[in-house]
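Please look through this model before reading on. My notes follow as numbered points, from the whole chain down to single residues.

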Amino acid sequence: MSIIESATIGEIVGIVLADDIDIGKNAEIIYSIQERGDYNMFNINTDSLTQEGIITLKKLVDFESRSRRYSIQVRAENKNNPELFDTAAIRIYVVDVDEPPVFLEREYVMEISESSPVGSHVGYVTAKDPDNIDTIIRYAMLHTKHYRLFDISPSNGSIFTLKSLDREVDHWYNITVTATEAKTPAYVSHAHVYIRVMDINDNAPQLQSIPDIYVCEKSRIGQAPPLEHDGERIP
């Protein structure tokens with residue numbers, strides 16, 4: 001039997017059928033997987049109507065892992081007399097499926113100083129093809145809110161600035177980058193990049209607006225000026 005590596009848990013792998021030449025209840029069969037080989041990767045259920053054993057996937061499989069072939073031993077026994085049984089060895093092969101590139105991280109957090117000139121390097125993103133490590137990956141940036149402030153090198157995933165940044169205007173930027181196979185651009189993966197703009201000491205203090213202060217000519221040294229309430233001075 002065979003199953004594609006993208007199969008989900010519970011998906012049918014295949015069907016086995018044992019034949020009992022008795023009739024009626026004497027011919028009822030129960031299937032099971034014996035505890036040997038790769039028994040923990042699969043389940044088997046008995047269809048009471050068709051007397052078939054339906055093998056389903058219990059755990060996810062991956063063609064790129066070392067296990068591309070699994071072996072199980074299926075037992076078919078008489079439902080009313082377990083001493084009457086037969087077994088069969090089944091080999092299950094994992095079939096490769098072309099998968100999109102996978103980013104090494106789901107989210108990237110980067111930092112850059114607000115004094116950095118245009119064209120400054122911010123950081124890297126990296127994606128790999130799970131099917132073939134030698135596959136050429138191309139990177140791009142989606143046209144989201146902040147994409148005009150940054151760009152990405154299509155060959156190596158390096159992110160750099162396109163405009164000057166000002167922390168006092170915006171201190172966080174969110175962008176989305178993509179990775180595709182050069183030969184199969186239909187397979188696309190996405191990753192979110194969060195860029196934090198670091199502050200520098202580039203702003204002078206500014207006095208806030210100060211209301212008029214009135215001082216009585218007979219005020220003593222150290223005495224506070226009179227307060228105002230609704231436009232009237234309070235002595």
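1. The protein chain exposes about 16,000 Å², and carbon and sulfur atoms supply 51% of that area. Accessible areas come from the Shrake-Rupley method with a 1.4 Å probe, and for residues only the protein chains shown count as cover. Of the 235 residues, 31% count as buried. Buried means under 20% relative accessible area, exposed over 50%, and partly exposed in between (1.4 Å probe, protein chains only).

2. This is a predicted model, in which local features need pLDDT of at least 70 and side-chain atom pairs count only at pLDDT 80 or more, while totals for chains, interfaces and linings use all residues. Residues are numbered from 1 along each chain as its sequence is written, and side-chain values use heavy atoms, with hydrogens and water left out.

3. The protein chain has 0 helices and 18 strands. Both are DSSP runs numbered from the N terminus: helices are H or I, at least four residues, and strands are E, at least two. The radius of gyration is 35 Å, well over the 18 Å of the globule rule for 235 residues, so the chain is more spread out than a compact globule. That radius is taken over C-alpha atoms, and the rule is 2.2 Å times the number of residues to the power 0.38. The C-alpha trace spans about 125 × 50 × 25 Å along its principal axes.

4. Among contacts between residues at least 6 apart in sequence, 60% join residues at least 24 apart. Contact means heavy atoms within 4.5 Å.

5. Strand 3 pairs with strand 6 (residues 69-78) in the antiparallel sense, over 5 bridges. Two strands pair if DSSP finds at least two bridges between them. Within this pairing, Ile33 has Val74 of strand 6 as its bridge partner.

6. Strand 14 (residues 158-161) has antiparallel links to strand 10 (residues 121-124), through 3 bridges, and to strand 13 (residues 150-152), through 3 bridges. Tyr124 stands opposite Ser158. Asp151 has Phe160 as its bridge partner. Strands 13 and 14 form a hairpin with 5 residues between them. Gly157, in the turn, has a positive phi of about 75 degrees.

7. Which residues does Gly119 contact, leaving aside neighbours within four places in sequence? They are Phe160 and Thr161. Gly119 is in the loop between strand 9 (107-113) and strand 10, partly exposed at 44% relative accessible area. Gly119 and Met41 are 78 residues apart in sequence and 52 Å apart in space, C-alpha to C-alpha.

8. The structure holds 3 aromatic pairs. The ring centres of Phe103 and Tyr108 are 6.4 Å apart and the planes are at 75 degrees, so this pair is edge-to-face. Phe150 and Tyr173 have ring centres 5.6 Å apart and planes at 70 degrees, so they too are edge-to-face. This pair links distant parts of the chain, Phe150 in strand 13 and Tyr173 in strand 15 (residues 172-181), 23 residues apart. Phe103 and Tyr108 are both buried, and Phe150 and Tyr173 are buried as well. Rings of Phe, Tyr and Trp (its six-membered ring) pair if their centres lie within 6.5 Å; planes under 30 degrees apart count as stacked, over 60 as edge-to-face and the rest as tilted.

9. Ser189 is in strand 16 (residues 188-198). At 11% relative accessibility, Ser189 counts as buried. Beyond residues up to four places away in sequence, its contacts include Phe103, Val177 and Thr178.

10. The charged end of Arg75 sits over the ring of Phe85, 3.8 Å from its centre. The criterion is NZ of Lys or CZ of Arg within 6 Å of the ring centre and within 35 degrees of the ring normal.

11. Arg91 lies in strand 7 (residues 81-95), partly exposed at 47% relative accessible area. Arg91 and Ser2 are 89 residues apart in sequence, yet 8.2 Å apart in space, C-alpha to C-alpha. Leaving aside neighbours within four places, Arg91 is in contact with Met1, Arg69, Tyr70 and Ser71.

12. Please check Gln51. Most residues other than glycine have a negative phi. Phi of Gln51 is near 60 degrees, a positive value. Gln51 is in the loop between strand 4 (42-47) and strand 5 (52-57) and counts as buried, at 17% relative accessibility.
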